[in-house]
Amino acid sequence: MSTTAVHSLWTTAAEPLDKIPAPHIEYAQLSPTLIVVGAAILGVLVEALVPRKSRHYTQVFLAVVALTAAFAAVVGLAVGGYGTTKAHIAAMGAIAVDGPALFLQGTILLASLVAVFTFAERRLDPAAHGNRVDSFAAQAGSVPGSDSEKAAVRAGFTTTEVFPLALFAVAGMLVFPAANDLLTLFIALEVFSLPLYLLCALARRKRLMSQEAAVKYFLLGAFSSAFLLFGIALLYGYAGSVSYARIADVVDGTVQTIDPALAGTMGNDALLLIGGALVLTGMLFKVGAVPFHMWTPDVYQGAPTPITGFMAAATKVAAFGALLRLLYVVLPGLRWDWRPVMWAVAIVTMLGGAIVAITQTDIKRLLAYSSIAHAGFILAGVIAVTPDGVSSVLFYLLAYSFVTIGAFAVVTLVRDAGGEATHLSKWAGLGRRSPLVAAVFAVFLLAFAGIPLTSGFSGKFAVFRAAAEGGAGALVVVGVISSAIAAFFYVRVIVLMFFSEPKPEGPTVAVPSPLTTTTIAVGVAVTLVLGVAPQYFLDLAGQASVFVR
């Protein structure tokens, strides 16, 4: 009897199976990400195959072309109606192609393009041994101050790997706000975080501080990834799926079919609440909200300044995009549970960022705490839970990213013998020594403070209005008080630059190449255009504010 059973099993298994279905991928709609990934892989090959002399120019050219082409692809998709009427879920349910995704991807690509110009800057430091140098270590693998590092500097080595690393980070950031299931979200998070951990450690000056920043970022980033992954596991146990739409359906109670293997846990509210809380904790780490902000000031201060600008702008855009999609698509049924928590987080973030910034003496740390306060302002728009809330957050992220990159680009210009002069006392009298640079920096500081006729005012007004209409009036009051506190330290820096006597041994302002000049000019232009005539961009964000389910 047993032999026949075995025999029959064997014969059934040997019969030809039906064809395995091939995955259906919409390559055209994923083209922005694919272009950037392709260029990043080419960049790795350039490092291996192109002679050292030509690498820098090849990498800069490749990065600029890739980011421009990817932005053109995003515009093409938006014009083709994929942000509105043709919005849908692509790549077998993994990626959403809709208005918010395209708007955020466009913002990330433009910000990254402008930031890459600051990576390529080679005129600020004096030439070393007849070779022009940039902001990055000559040889990343060598111990700071060692003979091998000195030999690398003498030989004129440069770390051109920063360009493919940045492109990999951008690729992850493009997927992060568009992810439509929790595993895609997690993989995108890792793809953009790992290159950033490396980039933070590559400063040419202050190598040890830079490496310390990278280690802190790596450890806290690993914590946040662990929170996120644990939350994903619990949400999977709750809903029997990692797909956003399926989890939302289980939360709403519209799913009738229960997977027998998960019958014991499906619909268990404890799993939903703890899983949701852990996933949100992971997201708030990336956003830099209090109390998950501890990495921000140290990392911003220690990382090479071009990297700080890139990270401060692009990571915030990607993280807030993903947070919006989670709260609006996956957990709208849990609104009564997450709104009070987000209220508390937004309030402590706005006040904490603004109050602690007053005590800072380093310009990069000051901008870091300012970015924490801005995360609180953006959270006010997230809490609104209305289409206006989404569009106001999108507009704010667009405005904020260019001001930030511009401000950090200005920081790279003010130098003394030890490299960048980031201590505030050294900025005294800068307005008399270099009126143009001080005036440009003042424009960025006024935009951060939310003074009318700058993009910061338009963004804050949009976010606070959405919050007030969404029933969060008390939050707006706290936001206005925090803005007033924050305005104090921005104005203090402006007073220091224009109304203090310059010290004879003070820093000089380096004359940048056209690359950094372009970055700063674009920052000023966007700041003023979004401040004086924001309506077109507000309408654009309004059209792009509907998530696809």
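Predicted model: local features only at pLDDT ≥ 70, side-chain atom pairs only at ≥ 80, totals over all residues.
Close-up 1. Residues are numbered from 1 along each chain as its sequence is written, and side-chain values use heavy atoms, with hydrogens and water left out. Asp98 sits in the loop between strand 2 (95–97) and helix 4 (99–119), where helices (H or I, at least four residues) and strands (E, at least two) are DSSP runs numbered from the N terminus.

**Close-up 2. The surroundings of Asp98.** The side chain of Asp98 makes a polar contact with the side chain of Arg325 at 2.9 Å, and the Asp98 side chain also reaches the backbone nitrogen of Ala101 at 3.1 Å. A polar contact is a pair of N or O atoms within 3.5 Å; within protein, one must be able to donate a hydrogen and the other to accept it, and residues adjacent in sequence count only if both atoms are side-chain atoms. Leaving aside neighbours within four places in sequence, the residues in contact with Asp98 include Tyr82, Gly83, Ala87 and Val546, contact meaning heavy atoms within 4.5 Å.

**Close-up 3. Helix 17 against helix 20.** Helix 17 (residues 435–449) and helix 20 (residues 514–532) pack at an angle of about 40°, with their axes 10 Å apart; axes are lines fitted to C-alpha atoms, for helices over the stretch in contact, and angles run from 0 to 180 degrees between N-to-C directions. This makes helix 17 oblique to helix 20, given that angles under 35 degrees count as roughly parallel, over 145 as roughly antiparallel, 65 to 115 as roughly perpendicular and the rest as oblique. The contact is made by Val440, Val443, Phe444 and Ala447 of helix 17 together with Ile520, Gly523, Val524, Thr527 and Leu528 of helix 20. These residues divide into 7 nonpolar, 2 polar and no charged, where Ala, Val, Leu, Ile, Met, Phe, Trp, Tyr, Cys and Pro count as nonpolar, Asp, Glu, Lys and Arg as charged, and the others, Gly among them, as polar.

**Close-up 4. Helix 15 against helix 17.** Helix 15 (residues 387–411) and helix 17 pack at an angle of about 145°, with their axes 10 Å apart. Among the residues that make the contact are Tyr400, Val403 and Thr404 of helix 15 and Val437, Val440 and Phe441 of helix 17.

Close-up 5. Most residues other than glycine have a negative phi, and most peptide bonds are trans. Ala91, although not a glycine, has a positive phi of about 55°, and Met92 likewise has a positive phi of about 55° without being a glycine. Ala91 is buried, with a relative accessible area of 11%, whereas Met92 counts as exposed at 60% relative accessibility. In another loop, between helix 10 (269–287) and helix 11 (295–302), lies Pro291, and the peptide bond from Val290 to Pro291 is cis, with omega near 5°.

Technical notes: Buried < 20%, exposed > 50% of the residue type's maximum accessible area, 1.4 Å probe, protein only.
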